[in-house]
Amino acid sequence: MKPRLRIAFASIAIGILVLCLKVGAYLLTGSVALYSDALETIVNIASSIAALAAIWFAAKPADSNHPYGHDKAEYFAAVLVGVMIVLASIMIFRAAWLGFIQGDNPQYSLEGIAMNLAAALINGAWARYLMHFGRQTRSPALVADGKHLMTDVISSAGVLAGVVLVLMTGWKILDPMLAVVVGLTVLWTGWELVKESVGGLMDEAASGDVLEKIRLLISEHGEGALEAHDLRTRIAGRSTFVDFHLVVPGTMSVEEAHEICDRIEVAIAEDVPGARITIHVEPEHKAKQSGIVVL
């Protein structure tokens, strides 16, 4: 857990650095598009703080009130990040509208463009690392934070390309138009993130590949049993909950059945990180003849 907390703290620090660069770029240019880019970074920092809080809370061990642990706290943080992204897009649309009606005349400078470019490069490198690390450690909050940053990178790239176009053509109206494009991109990402995180809160099953792996492990390591059926899984942050019914001969002792269950649990735990397994043992007359056949 400590590495994940360190990454979350680092994300906040990098967000503050990037914000300083983008605010500097805006102050040097007066560009509404660059201002909208800076606004999104404020939300990045807020979402990183939310991710840090969720990771800390999710690390708490199970207790009497939460016997299955606190892993789902990260999904709440991911939903919160998605909502923040949507709010950022509204702020960007407002800035773009003001640019249209006020007819601002930005004064672009190479220094300002260079600062924004540096901020985008830092964000891009960190976003890729966050998503990679978040998937490795099965942290929805860190993955969400990384996706949010990658959206910022994409929008920054679009803004920078547009700024160059404004410099080449002299069409100042492109500046607020770029801000609108940024806002739409951010809004779409926020919606996708909220939808994905709500799926986690609704106890989505493990992927088809993981389910097939679990079926194979039960079949290979369940020697002595007859079949397994009613396999169910659900994902909760880093944990994968697995439960199924294992049919054994009616004459088998409790100790023998327990040994089979232990063998299956060890095999699944080794191949499915974070697996929490519950096995319900049944006598042979409970067989459904349609479950997992034990080899």
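A nonpolar core is a set of buried Ala, Val, Leu, Ile, Met, Phe, Trp, Tyr and Cys residues joined through side-chain atoms within 4.5 Å. In this predicted model, the largest such core has 20 residues.

**Nonpolar cores**

- Within the largest core, the residues that touch the most other members are Ile-218, Phe-244, Leu-246, Ile-264, Ile-268, Ile-277 and Ile-279.
- At least two residues of this core come from each of α7 (208–221), β2 (239–248), α8 (254–271) and β3 (275–283).
- Helix α8 gives the largest share, five residues.
- Apart from this core lies another one, of 19 residues, including Met-84, Ala-96, Ile-113 and Val-159.
- Leaving aside neighbours within four places in sequence, Ile-218 is in contact with Ala-228, Leu-231, Phe-244, Ile-264, Ile-268, Ile-292 and Val-294.

**Helix α4**

- Helix α4 covers residues 110–136, which makes 27 residues.
- At 1.5 Å a residue, α4 should span 39 Å, and this agrees with its end C-alpha atoms, which are 39 Å apart.
- After α4 comes Arg-138, which has a positive phi, near 55°.

**Aromatic residues**

- The structure has two aromatic pairs.
- In the pair of Tyr-129 and Phe-133, the ring centres are 6.0 Å apart and the planes are at 25°, so the pair is stacked; the cut-off for stacking is under 30 degrees.
- Tyr-129 and Phe-133 are separated by about one helical turn because they are four residues apart in helix α4.
- Tyr-129 has a relative accessible area of 36% and is therefore partly exposed.
- Phe-133 has a relative accessible area of 12% and is therefore buried, as buried means under 20%.
- One aromatic cluster is formed by Trp-126, Tyr-129 and Phe-133.
- At another ring, that of Phe-241, the charged end of Arg-234 sits over the ring, 4.0 Å from its centre.

- Lys-22 lies in helix α1 (residues 2–29).
- The relative accessibility of Lys-22 is 0%, so Lys-22 counts as buried.
- Not counting residues up to four places away in sequence, Lys-22 touches Asp-37, Ala-38, Thr-41, Asn-116, Ala-119, Asn-123, Asp-152 and Ser-156.
- Ala-46 lies in helix α2 (residues 32–58).
- Ala-46 counts as partly exposed because its relative accessibility is 29%.
- Ala-46 and Gly-15 are 31 residues apart along the chain, and their C-alpha atoms are separated by 9.1 Å.

Methods: Residues numbered from 1 in each chain as written. Predicted model: local features only at pLDDT ≥ 70, side-chain atom pairs only at ≥ 80, totals over all residues. Heavy atoms only, no water. Buried < 20%, exposed > 50% of the residue type's maximum accessible area, 1.4 Å probe, protein only. Contact = heavy atoms within 4.5 Å. Expected span 1.5 Å × (residues − 1). Phe/Tyr/Trp six-rings, centres within 6.5 Å; stacked < 30°, edge-to-face > 60°. Lys NZ or Arg CZ within 6 Å of the ring centre and 35° of its normal.
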